[in-house]
Amino acid sequence: MTPEEEAARAELIEQARLLFAGRVEFLKSAPALKHLPDPDVPEIAFAGRSNVGKSSLLNALTGRKSIARTSVTPGRTQELNYFEVGEPTRLRLVDMPGYGFAKAPPKVVEQWRRLVRDFLRGRVVLKRTLLLIDSRHGVKPVDEDMMQMLDEAGVGYRVVLTKADKIKASELEAVTAETIAAARKRTAAYPEVLVTSSEKKMGIEELRAAVLQDSLI
Ligand SMILES: Nc1nc2c(ncn2[C@@H]2O[C@H](COP(=O)(O)OP(=O)(O)OP(=O)(O)O)[C@@H](O)[C@H]2O)c(=O)[nH]1
Ligand SMILES: [Mg+2]
């Protein structure tokens, strides 16, 4: 990086820190598209398997302990949960229902598919999706399905590894390389991955900067 690029980067990180240190509020849970808020500010969505750590990452990002409900029971977040950031609102974060939980009846899976697909295709203010992947598991077939849906909807996404504190450094290095390789095969994926741990607050500053930057596109 040139000194100018470094200065711009530091400025973006500081702007992002200030933004998330300010107003962050839960807005609503939308069980269907007709309940979505008016599309008047940029949105960034969080997607990933049940239990991947979406709600925890949202909490870490906003520096709140429990703004997004976290749970040990997979599949608890079944709606599109909206959070507003900034005063006046600069952007909205959308916690999407998790996928891939075991024993879900086919009807529930089909409902999920329809809601997510229609949301991704039709939401004009959706600037970017963060696709969360558990560091311990890497990219699974259900994640490939989600990538396919995002590619088809033409929604740009960043792949984010979660729970990096749970595995050894050597394993993290390997799963990061594999995940980058998987992302590079995709048309709508960003060619880099972000490595995070909500528990250890790792990669959170970078993630905040990425969210702010993406909201400006
Ligand atoms: N060690 C560790 N545990 C984490 C981390 N992030 C989340 N967890 C744990 O993983 C479990 C699931 O986290 P959630 O944030 O509720 O996951 P989710 O993706 O929102 O789950 P659903 O809403 O059910 O789809 C909880 O027990 C969290 O405490 C992390 O960075 N490190
Ligand atoms: Mg959740």
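Predicted model: local features only at pLDDT ≥ 70, side-chain atom pairs only at ≥ 80, totals over all residues.
Student: How many bridges join strand 1 to strand 3?

Tutor: Strand 3 covers residues 80-85 and runs antiparallel to strand 1. One of the residues involved is K28, whose bridge partner in strand 3 is Y82. The number of bridges that join strand 1 to strand 3 is six.

Student: Which strands are the edge strands of the sheet?

Tutor: Seven strands form an open sheet with mixed pairing, and their order is 1-3-4-2-5-6-7. An edge strand here pairs on one side only, and the two that do so are strand 1 (24-30) and strand 7 (189-195).

Student: Why are helix 1 and helix 6 described as roughly perpendicular to each other?

Tutor: Helix 1 (residues 3-21) packs with helix 6, and their axes lie 8 Å apart. In their contact, residues including L12, A16 and F20 of helix 1 meet residues including A209 and L212 of helix 6, and the contact residues divide into seven nonpolar, two polar and three charged. Angles of 65 to 115 degrees count as roughly perpendicular, and the two helices are therefore described in this way because they pack at an angle of about 90 degrees.

Notes: Residues numbered from 1 in each chain as written. Chains lettered and ligands numbered in written order. Pairing = 2+ DSSP bridges. Helix = DSSP H or I, 4+ residues; strand = E, 2+ residues; numbered from the N terminus. Axes fitted to C-alpha atoms, helices over the stretch in contact; angles between N-to-C directions. Parallel < 35°, antiparallel > 145°, perpendicular 65-115°, else oblique. Contact = placed C-beta atoms within 7 Å. Nonpolar A, V, L, I, M, F, W, Y, C, P; charged D, E, K, R; others polar.
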